[in-house]
Amino acid sequence: MSHTERTIAAHPISPLSLQPCAVVGDASDPLLSRVYPAPARPSRTSFQRDRERIVQSRAFRRLAGKTQVFTSRASDHFRSRLTHTIEVAQIARAAAAALGLNEDLAETLALVHDIGHPPFGHAGERALDTCLQAHGRRFDHNLHALRIVEHFEQRYAAHRGLNLTLGVREGIVKHSRDYTADQHPELSPYFLDRRPPLEAQIIDLADEIAYLTADLDDGVESGLLEISHIREHVDILARCYLIVEQQHPGVEEKYLFNEALQLMQNVLTDDLIATTRHNTHAIGATCLEDIRNHPARLATFSPQAEAERLQEKRYLYETLYTCRDLEIEHDKAEEVVTALFNYWIAEPEELPPAYFEEMQTEGLARTVADYIAGMTDAFILLQYAQIKRTVRR
Ligand code: MG
């Protein structure tokens, strides 16, 4: 890390701010270390540079063609994994700013958080994991994201991967769960026995806030959910709806619903900010080490918001994610992923030559899974159609 890179400007710290516990990102911060030396860019901080590397990566662009929840093209208004990612980044950056944390790190981690997802959303991930289990391996989108940024992106002459800072790579691994060193010795550089910084901890919750809001919105847009039914079963939305109804009497339901969704997103974001601040002050944390050494994550919702989050999540599972229309899409996704996986396992010479080298080191099953995981929905369907024609001939 160069000493000429920009560092965070110092300003007076409010007693409520968690800035003393933030990732500092100054010249002496070991979280800024990169595997390969990188020339200095005095105009940007290291995390801003990582944000650029991620936004300019191929894997990031492919998020535009990957399903968030709805694979069908029945509406132009559904979220893709890219627009979901941008929504998470907004929430994460706002929460980090309100808490006095490192905004650049939080935003960068949000932008990269879903980069390891295969096509067809969670159905695609489940299918790929099932395929790999038959070969004694597993598919995990966090670990796949790390492989993307460390190996698959090829933008630099001197090395493979994006050469991101240690802080961003740790956040990619740990933003949504913890791993143990005995199960994942390859992750040992990422302080596995300690908690991640708050900037990484808030990503998982920003993700929750984004999709809890968006999936109600897209669910209604799809015609699979009804506003009146949501109001009966999702307490937090019902409460927000009542407030906006009183503020805007006589206004059409669709506008009230939009207002209620925005209010719900704000309520959850404010709760995350207040509860994380409260938790951190309650343990007397005064530096990043205190965050890392605490046995539990400190970025949480309050008990009430957590209960409402779980209630809404259950509702989405029961009424949307597992509804008949989406299950048909999930079955199709499973069929496509499984057929292609089995095809390349049987015909490895049909893989693109760029994958032959990986096959030698990682084995065939992992290589095929890596190839499939990188695909967009449209590209995998094209592969499927071509291979079906080949097999028929
Ligand atoms: Mg996400």
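I started at D325, which I found in helix 14, a run covering residues 324–346. I note that I am reading a predicted model.

I asked how exposed D325 is. D325 came out as partly exposed, with a relative accessible area of 45%; it is not counted as exposed because that class needs over 50%.

I then looked up the distance from D325 to Q304. These two residues lie 21 places apart along the chain, and their C-alpha atoms are separated by 32 Å.

Next entry: R292. I located R292 in helix 12, residues 288–293. Is R292 buried or exposed? R292 is buried, because its relative accessible area of 4% falls under the 20% limit.

I wanted to know which side chain R292 makes a polar contact with. The partner is the side chain of E170, at 2.8 Å.

I also listed what touches R292, leaving aside neighbours within four places in sequence. The residues in contact with R292 are L31, E170, K174, F191, R194, R195, P196 and P197.

Next entry: helix 1. I took helix 1 as residues 46–55 and found it mostly covered, with 7 of its 10 residues buried. The buried ones are S46, F47, Q48, R49, D50, R53 and I54. I looked for what covers them, and the cover includes helix 2 (58–62), helix 4 (103–112) and helix 7 (166–174).

Last entry: the whole chain. I recorded 17 helices and 0 strands in the protein chain.

I checked the radius of gyration against the globule rule. The chain has 22 Å, and this agrees with the value near 21 Å that a compact globule of 393 residues would have. I noted the box filled by the C-alpha atoms as roughly 70 × 60 × 40 Å along the principal axes.

What share of the residues is buried? Buried residues make up 52% of the 393.

I looked at how far contacts reach along the sequence. Among contacts between residues at least 6 apart, 71% join residues at least 24 apart.

Finally I looked up the charges. The protein chain carries 42 positive and 58 negative charges, and their mean positions are 6 Å apart.

Methods
Residues numbered from 1 in each chain as written. Predicted model: local features only at pLDDT ≥ 70, side-chain atom pairs only at ≥ 80, totals over all residues. Heavy atoms only, no water. Helix = DSSP H or I, 4+ residues; strand = E, 2+ residues; numbered from the N terminus. Rg over C-alpha atoms; globule rule 2.2 N^0.38 Å. Buried < 20%, exposed > 50% of the residue type's maximum accessible area, 1.4 Å probe, protein only. Contact = heavy atoms within 4.5 Å. Lys, Arg positive; Asp, Glu negative; His and termini not counted. Charge placed at Lys NZ, Arg CZ, Asp CG, Glu CD. Polar contact = N/O pair within 3.5 Å; in protein donor to acceptor, adjacent residues only side chain to side chain.
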